Amino acid sequence: MEELLKASHISKFFPGVRALQDVNITVNSGEILGLLGENGAGKSTLLNVLSGIYQPDEGEIRVRGQSVKMQGVNDAFELGIAIVHQELKLHSNMSVAENIYMGRLPKNRLGTVQYKKLYQQVEELLSAYGLKLNPHKEVRLLSIAEQQLTEIAKVLSYNAKVILMDEPTSSLTTEETQNLFRTMEVLKKKGVGIVFISHKLEEIAECCDRVQVLRDGQDMGEKPVKEVSENELIRMMVGREISQRFPAKTNRPGEPFLEVRNLNRGKYVKDVSFTVRRGEVFGIAGLVGAGRSELVRLIFGADKKDSGEILMNGQKIDIKSPRDAIRNGIYLVPEDRKKQGLILAQDVENNTVLSMIYKIRKAFGYIDTPKEKVMADEQIEALHIKCTGKEQITGTLSGGNQQKVVIGKCMLTNPEVMILDDPTRGIDIGTKAEIYELINEVTNSGRSVILISSEMPEVIKMSDRVAVMHEGRITGILEHDELTQEQVIKYAIGG
Amino acid sequence: MKKSTDAVIAQNKQNPVAGFLSQNIILAALVVMCLILTICTPRFLTVKNIMNILMQSTTMGMAAVGMTYVVITGGIDLSVGSVLALSAALGAAAMKNGAPVVIGVLIMLSVSTAFGFIQGILISRLKVPAFIVTLAGMSIGRGFTLVFTQGKTISGIPKSYQLIGNGYIAGVIPIAVLIMFLVYLVAFYVLKFTTFGRGIYALGGNREATELSGIHTKRIEMCVYGVSGFTAGLAAMILTARLGTAVSTAGDCLEMDAIGAAVIGGASLAGGRGTMKGTLVGVLILSVLNNGMNLLNVNTFYTGVVRGVVILIAVLLDTLKNRNELA
């Protein structure tokens, strides 16, 4: 096994903060290294240092034994190191092949692109690494998983020997994740070294050979995956014992409360009916694209339904907009906090009270500013939002704290039914535990929660019942005691 | 990212002057411009000239109020100049034919506001891009004005009405300027302290998140174009009173001045950013610039070039400042 990349005693400082301190990392050929750590632990910073985006303040980087100084991504590319970012940067109106060879398209003497040659090159590349992609397809028509493969094919076309992957699975379904792992296996066999960031311990255990943990920018050491237990990893990550990943359930579901009857919207939601009880966590599982988010968006009035009705306490309620839903005591914490949850350029205060401004207005639409400040502070305290104050711009908060701001906005409206669409995506273990506690608190007080999650253990452990969706329909509703991953998957693939 | 913002804040705390300057760089630029002009020509810093500058800024200033609202939501209103001409012509014609002054003014304001609202409905409900709707509105408004006036100047407007444009309070402060400052004051409070203002910023900052938070995004979007029409109507009222006539070419290129002023004042065409204070400073910068070039006898053909360069520099400064804060 060849040592491809070795970085020793890496430190990186930003004004007022030490992002990395004395970190050592080695990437070997034909090996997958898992990189674990809570949000803000410095994982992304480390990858950015290794890929030439940041220059380390201290330490040395060696590529195949040679000491190097990289001034940018292109230097890293030349050395065979490539990064696949969490947020993909592809041209959506161009084909897969064009994206892969962007900037290096084969041209004839007149400067026009030789498409035949291009597609031939791309097909060779894809088959060499066993990547299942249609090179002619436009990127906007691809799923996120396929876009990721395109990005990987792109770096492979540069002959990358080391591939750094920043949370590639955070928006993939279980099935897509498995496909990605298979691709990673192929790359591994071809001698590529991979660094893989994930928050999911199961994934690290499944696909990695070694695992390295960062905490607060410090190197907590590395170990072969086979020799380390889940609890040990958690302890290394958070520095304290979290006895259980999921708190014990203490809620007692009561009488039926929210009823959804024959809800329809085009091909996304088909004839969906279910009832949520008071004080119940009602889970919705299914693959991405099964219509889970589309379903809750219908209930919340964010999209227009073709037909169907929603009843609360046996009374029909008319929901035409999110505003109607909020007025009726339903609140949706959307799946994408940055695009749908927050106004990133505004501060914590403005974001937290946004749904309340019509409730705290006085004559002429004046907002009751003192009340507003109190409400913002309340939520910062109740949810332990880590910020310099309610004046901090939400775009500068960490992912977990951003999510807490969205949840705070939801809590202020005091909803009877709280809909959480994948609330823990890309969030560190500590914050996850807090969100689980909150779900328990909410249901203990007799209010209901509808929980969507792309993490199977989460939806199984937290829910009282789980509805599984497949192609817009509910294929089964499982009671807590019959909930197993196998059952859920069976219904999720249409069984 | 977070740390560097903190660093900027911390730095500003350490040095209040530098902090104030970096927050109010446009205001500082206005002051510097005035200082230079004061040194260059004795005719600049006189009460008469200052009042003259303010007087000449009223048309652009009024239109820039509504424009700022529109721009903060992430939209644009190209129709303000045409709306001004149309409402001025209709109001002036009514007064010429014996309608009382009040009716004349009401016609101007209601025509312009209605015009804005109709555009707002098309933009917010039917999702036609604002650029296209107001581009069409610009053409339609100007076209109707030409049809109505047949290209002729409408004069014979009552003297009492012209007081709005030529009258002074206490012999020094022009009534028109006073009206403009009042409008800015109201617009400032609405934008900063009301649910409508909060909604405008939220809409421009992130439309989807705002809608999911239960804000009346459609209503707000419709209303900002109504406001823009209304302030164009106010501009029509003042301009007609100042000139004593209504012409079909009135307000030509007004949209460019209004957008320029808002942008100089820190509004972002991408939405979410902008202030009334900034826009007012932007209006004054453009007006002082015009006045200064007149006083210094700069060939008027150069005026456009200089204005363009000033707008570019202002936006460049703002971009650099933001990059430093966010990088």
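Let's start with chain A, where the C-alpha centres of domain 1 and domain 2 of chain A lie 32 Å apart. Please keep in mind that this is a predicted model. Domain 1 of chain A covers residues 3-238, and domain 2 of chain A covers 256-492.

How many residues of domain 1 of chain A are in contact with domain 2 of chain A? There are 13 of them, and they meet 14 residues of domain 2 of chain A. Two helices of chain A, helix 6 (174-189) and helix 8 (230-238), each supply at least two residues to the side of domain 1 that touches domain 2. Helix 8 of chain A gives the most to that side, with three residues. If you sort the residues on this side of domain 1 of chain A by class, you get three nonpolar, six polar and four charged.

Next, have a look at a sheet in chain A. Here is a bit of background: strands of a sheet pair through backbone hydrogen bonds, and they do this either parallel or antiparallel. Our sheet in chain A is open, has four strands in the order 12-11-14-15, and pairs in the antiparallel way. Strand 12 (269-277) and strand 15 (315-317) of chain A stand at the edges; each has a single partner strand, so one side of each is left without a neighbour in the sheet. From one strand to the next, the twist averages 25 degrees.

Let's zoom in on one pair. Strand 11 (residues 256-265) of chain A is joined to strand 12 of chain A by six bridges. For an example you can find on screen, take A:Glu259, whose bridge partner in strand 12 of chain A is A:Thr275.

Now over to chain B. Where two chains meet, 25 residues of chain B are in contact with 32 residues of chain A. On the chain B side, the elements giving two or more residues are helix 1 (2-14), helix 10 and helix 11 of chain B. By class, that side of chain B has nine nonpolar, 10 polar and six charged residues.

Let's stay with helix 10 of chain B for a moment. Why can we call helix 10 of chain B largely enclosed by the rest of the structure? Because 11 of the 11 residues in this helix, residues 195-205, are buried. Among them are B:Phe196, B:Arg198, B:Ile200 and B:Tyr201. And what do the buried residues of helix 10 of chain B pack against? Their partners are helix 4 (47-72), helix 9 (175-193), helix 11 (207-212) and helix 12 (217-243) of chain B.

Terms used. Residues are numbered from 1 along each chain as its sequence is written. Chains are lettered from A and ligands numbered from 1 in the order in which they are written. This is a predicted model: local features need pLDDT of at least 70, side-chain atom pairs count only at pLDDT 80 or more; totals for chains, interfaces and linings use all residues. A residue is buried if 20 or more other C-beta atoms lie within 10 Å of its own, exposed if 12 or fewer, and partly exposed in between; C-beta atoms are placed from the backbone. Two residues are in contact if their C-beta atoms, placed from the backbone, lie within 7 Å. Two strands pair if DSSP finds at least two bridges between them. Axes are lines fitted to C-alpha atoms, for helices over the stretch in contact, and angles run from 0 to 180 degrees between N-to-C directions. Domain bounds come from an automatic or database domain assignment. Ala, Val, Leu, Ile, Met, Phe, Trp, Tyr, Cys and Pro count as nonpolar, Asp, Glu, Lys and Arg as charged, and the others, Gly among them, as polar.
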